[in-house]
Amino acid sequence: MGIIAWILIGLIAGAIAKALMPGKDPGGCLVTMLIGIVGGLLGGWLGKVIFGVHSINGFFHLSTWIAAVVGSVIVLLLYRLVTGRRSH
């Protein structure tokens, strides 16, 4: 996939992750996009390591979106843990 597709998937997957895990998060659209991109990569890697499948198949494949959203939720959870500790 091209870089534009990764950015678009990242933006959408990050937004879905924030919708699934409501709460206050520091950062705006750029942080959401970065969380989604990193989450997509993490989700693809986890799918390959745990299930032995190639979960990043293409922009319109369901496995790509599931991997990106699951990875984004994990990254968002870690992000909240790190930023929550700094604010106290």
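Q: How confident is the predictor in this chain?
A: The mean pLDDT of the chain is 78, and 83% of its residues reach 70 or more; pLDDT is the predictor's confidence in each residue, from 0 to 100. Bear in mind that this is a predicted model, where local features need pLDDT of at least 70, side-chain atom pairs count only at 80 or more, and totals for chains, interfaces and linings use all residues. Numbering starts from 1 along each chain as its sequence is written, and side-chain values use heavy atoms, with hydrogens and water left out.

Q: What makes up the secondary structure of the chain?
A: You'll find 3 helices and 0 strands. Helices (H or I, at least four residues) and strands (E, at least two) are DSSP runs, numbered from the N terminus.

Q: Why is Gly14 called buried?
A: Buried means under 20% relative accessible area, exposed over 50%, and partly exposed in between (1.4 Å probe, protein chains only). Gly14 has 2% relative accessibility, so it counts as buried. Gly14 lies in helix H1 (residues 3–20).

Q: Which residues does Gly14 touch, leaving out those up to four places away in sequence?
A: Thr32, Gly36 and Ser72, where contact means heavy atoms within 4.5 Å. Of these, Thr32 and Gly36 are among the buried residues of H2.
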